[in-house]
Amino acid sequence: MSRTAEYIRIVGLNVSYDGITPAVSNLDMQVAEGDFVAVLGPSGCGKSTLLHAISGVVLPQSGIIEIAGQPVGTGRGDQSVPIGYVFQEHRLLPWRTVAQNIAIVLRAAGISDEEIDLRIDRYLEMLHISEYRDTWPLRLSGGQRQRVSIARALAIQPAVVLMDEPFSTLDEVTARVMRQQLAELWQESGQTLVFVTHSIREALFLANRIFILTRGPASVFDVVDVPVARPRRYEDPQLTELEAQIVEHVMDEWGYGQPRAGDDDA
Amino acid sequence: MIAESVTPPRQITGERRQRIQAFAVAWLLALGVWQITTFISGGWVPSLWRIFEALGEDATTANIYAEMWITLRRIFISFGAATAIGIGLGVAMGLSRRVTAFFRPIVVMGLAVPDIVYIIVAILVLGTDESSGLIAMVLALVPFVVNIVIGGVKSRDPGLDEMSSVYRLQRHRYLVDVVGWQVSPALLAATRTCFAFSWKLVVLVEALSQPRGIGAQVYYSFRLLRPDHMIAQALLFIVVLRIVEAIMFGPLERKLLGWMQ
């Protein structure tokens, strides 16, 4: 089965919230079908805005965003290519149980009731949270809520899964376990995954390719392939070496080297 | 083990006792102040015993319950209409800037107009039949409901809006599952406020323009210089309303806010 090299195709993307200050500037990006890519950038550089644009939550000023050759939709009721999204915070409905939270998005995706039940069971089991099926989200820990959020994103069996720093609010041990599970899940599902992070180590551990962004407005500064075989270990010395190289590489660009022309003196 | 199992019940008992004491002191104080007022007024303010006698007398007559039923029916009509209109308008204003721009001045003016003005204008325009009073009450209540609901809708979590947009939730699902549940505490507060205001207004409208209902009976007792019956009728009606409120809002509150516990 051949896989599309440009499954996600972004060309000349410009996004601005107020029409004046650019958040994303002339960004180009191509992601192959079934690939796991990380988008790496410093805090506030426009990484989340890029995901918002890919998911259709934010309308770009100009540029092309296509998934599987189709332009992305723009919001509620739209029936374009399904996208799974894992937010930095879980964004579950606290007045709905775990199963109901997943069922709502599945129903919106037009899945039948019998299939909804099957999928809920399958994905909760996959994320080891089956026992919380009928629990309110407020009774779950941060890690468990984020697992539900991932289950919700995967359950619609989307063309693309977007993840916006999903483990940044978790404690380090939980985050490591979840990263490991995510890597395994991706290998099982083979879905196209775009993972936004500001952690170089996290990007190296999870992704096949890393799009390094400028410090803002976001555009692609460099693309790095991660030549490390899977399964990976978080403490792998090869990752440590690559991390040091990337830190060295982005130091100036992210504003920690020599001041650039036009930078504030303050 | 023993200390752990004994200490918490003692604390709870202590708290409960304090609450009962505070409740008893407040009631005794209120009754004492009333009795003192009776002495000071030289008998114009009825004594507690006279009120108690009037209560017994009124509670055993069938007429008072017929009047109560008339008032309750009016309350439910005005409360129902004002809540439905107020919640609908409040949600629309909370979600749309254009709708807010159109209705905001009307709501602000509506909040500032004294209730009595609505009643008088309704009587002048529509006469003294029942519908004029009901319309006046709905007009007076809607701005309060709208105001509370707008606050609830505007303070909703934008992250959940984003989530519903990403997952392409249909409009009605978004309104019910995301906005509706999120603003349910505000809706409940608006409904409770509306209910509390509506019965006070209904009684006022009845006293001013209607021949039947508890308000009319209270005013009738006042004209006959029977303040003991006036207060007894009001007290009886308050008791009935508290029961209605508990039956109506208790289960609703448990259903809408159960997830918070």
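Two residues are in contact when heavy atoms lie within 4.5 Å. With that in hand, let's tour this predicted model, in which local features need pLDDT of at least 70, side-chain atom pairs count only at pLDDT 80 or more, and totals for chains, interfaces and linings use all residues. Residues are numbered from 1 along each chain as its sequence is written, chains are lettered from A and ligands numbered from 1 in the order in which they are written, and side-chain values use heavy atoms, leaving out hydrogens and water.

**A buried valine**

- Val178(B) is found in helix α8 of chain B; helices here are DSSP runs of H or I with at least four residues, strands are runs of E with at least two, and both are numbered from the N terminus.
- Its relative accessible area is 0%, so Val178(B) is buried (under 20% is buried, over 50% exposed, and in between partly exposed, with a 1.4 Å probe and protein chains only).
- Leaving aside neighbours within four places in sequence, Val178(B) is in contact with residues that include Leu93(A) and Trp95(A), as well as Leu160(B) and Asp161(B).

- The axes of α8 (residues 171–182) and α9 (residues 184–209) of chain B come within 4 Å and cross at roughly 60°. That angle makes α8(B) oblique to α9(B) (under 35 degrees is roughly parallel, over 145 roughly antiparallel, 65 to 115 roughly perpendicular, and the rest oblique).
- Gly180(B), Trp181(B) and Gln182(B) of α8(B) meet Ser184(B), Pro185(B) and Leu187(B) of α9(B).

**A sheet in chain A**

- Six strands of chain A form an open sheet with mixed pairing, in the order β6-β7-β8-β3-β9-β10; two strands pair if DSSP finds at least two bridges between them.
- Strand β9 (residues 209–213) of chain A pairs with β10(A) in the antiparallel sense over five bridges, and Phe211(A) has Val223(A) in β10(A) as its bridge partner.

**The nonpolar core**

- The largest nonpolar core has 143 residues, and Ile67(A) and Ile210(A) have the most contacts inside it. Such a core is a set of buried Ala, Val, Leu, Ile, Met, Phe, Trp, Tyr and Cys residues joined through side-chain atoms within 4.5 Å.
- Helix α6 (residues 130–154) of chain B gives this core its largest share, twelve residues.

Technical notes:
Axes are lines fitted to C-alpha atoms, for helices over the stretch in contact, and angles run from 0 to 180 degrees between N-to-C directions.
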